[in-house]
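Dear colleague,

I am passing on the structure below, together with some notes on its pockets. Please read the notes with the model open beside you.

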Amino acid sequence: MLRRHRVGVIGGDGTGPEVVREAVKVLEAVGNAEGFHIDAVAYDLGGERYLRTGETLPDSVLDELRTLDAILLGAVGHPDVRPGILERDLLLRIRFELDQYINLRPVRLYPGVRSPVADVTPADVDMLFVRENSEGLYTGAGGFHRRGEPEEIAVQESINTRRGVERCVTFAFEQAGRPDRRAHVTLAHKTNVLNYAGDLWQRTFTEVAETHPGVGTAYVHVDAACIYLLEDPGRFDVIVTDNIFGDILTDLAATVQGGMGVAAGANLNPGGVSMFEPIGGTAPDHTGKGTINPIAAIAAAGLLLETLGETAGAARVDAGIRLAVSKMPSMRAGEMGATTSEVGDLVAEGALNA
Ligand code: IPM
Ligand code: MN
């Protein structure tokens, strides 16, 4: 019997729709080979809709998203929309409302991809970032006092709950125990300065570690983690960290793996609806030119299949990506040696022949 998966597709802004198109193309090809069907449900959300109607994410749309099996997102952000509106009211609102409390970002250097860090090899770069995705500095807690006046005070609070930290750290330890990982978790934080939040994270980490005796542990300060990511990435297997540190570290890690053209992520609610996205933005300079790299979006679709239990399909996507990147001179937009849709075709073909 054909397995059906209802996947919401939010192309969004800029190059988002172009890369998502290739991801859906690959999902459909893999579905044909593996006996499942993707019922893609398109959602018109993003800067264009906001400028046209003033809506970012109507409640009725949010309620529909709750009924899906998964969501695939391109990118949001628009030059004519004040920064923060689409980020907070669309992207972060979906993450929060659907309680996608894990931001999972695998970082792999595919063979054939050039890293800007000299000497790193694919064997050195195989990490899994588990970024807390529902709290920290991202909740919007805080406020102004006397805004615009010389005495102005702006407070931006980092919210860390025992439950929120514990579910994130526990998820990280569970990931580390998977057969494709190396049974090691590093906590990255700033416990030497952030004496409250860091303390909660450290204590929770230590306690969760005790219940996972087979998993090795390490702690690094987040600033030192930046050095190690460049000098010794092989020391990292699973890295767990808070929302803002994870945001920053994963951009650096994405650069190590060859750039935004390959970097994929998942906003996971392990018991609910998850959303998959390339980490990169809307790339306005490349919009509509067929020069943007769709590999990151396709890799996000691979994570989507894995989450839906389509493990064999996810393996096909990975094989297709590996074939495509081995033929591409560069992962950078405009330097791929092929158009966006040609890269998508190459992955789809590789996935079918896997
Ligand atoms: C990311 C992005 C978002 C974040 C922005 C667009 C709100 O940078 O997904 O990493 O900070 O989480
Ligand atoms: Mn980011």
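The second largest pocket is lined by 32 residues, and those nearest its centre are Gly259, Met260, Gly261, Met331 and Arg332; a pocket here is an open set of points on a 1 Å grid over the protein atoms alone, where a 1.4 Å probe fits, with protein on both sides within 12 Å along at least five of seven lines, and a lining residue has an atom within 4 Å of a point. This is a predicted model, in which local features need pLDDT of at least 70 and side-chain atom pairs count only at pLDDT 80 or more, while totals for chains, interfaces and linings use all residues. Residues are numbered from 1 along each chain as its sequence is written, and side-chain values use heavy atoms, with hydrogens and water left out.

The volume of the second largest pocket is about 530 Å³, a volume being the space filled by probe spheres set on the points, which are joined across faces, edges and corners. H8 (243-256) gives the most to its lining, with 3 residues (helices are DSSP runs of H or I with at least four residues, strands runs of E with at least two, numbered from the N terminus).

The largest pocket has a volume of about 730 Å³, and among its 30 lining residues Pro106, Arg108, Arg178, Leu303 and Glu306 are the closest to the centre. Elements that give two or more residues to this lining include strand S4 (102-108), helix H9 (295-307) and helix H10 (311-327), and H10 supplies the largest share, 7 residues.

Best regards

Terms used:
Chains lettered and ligands numbered in written order.
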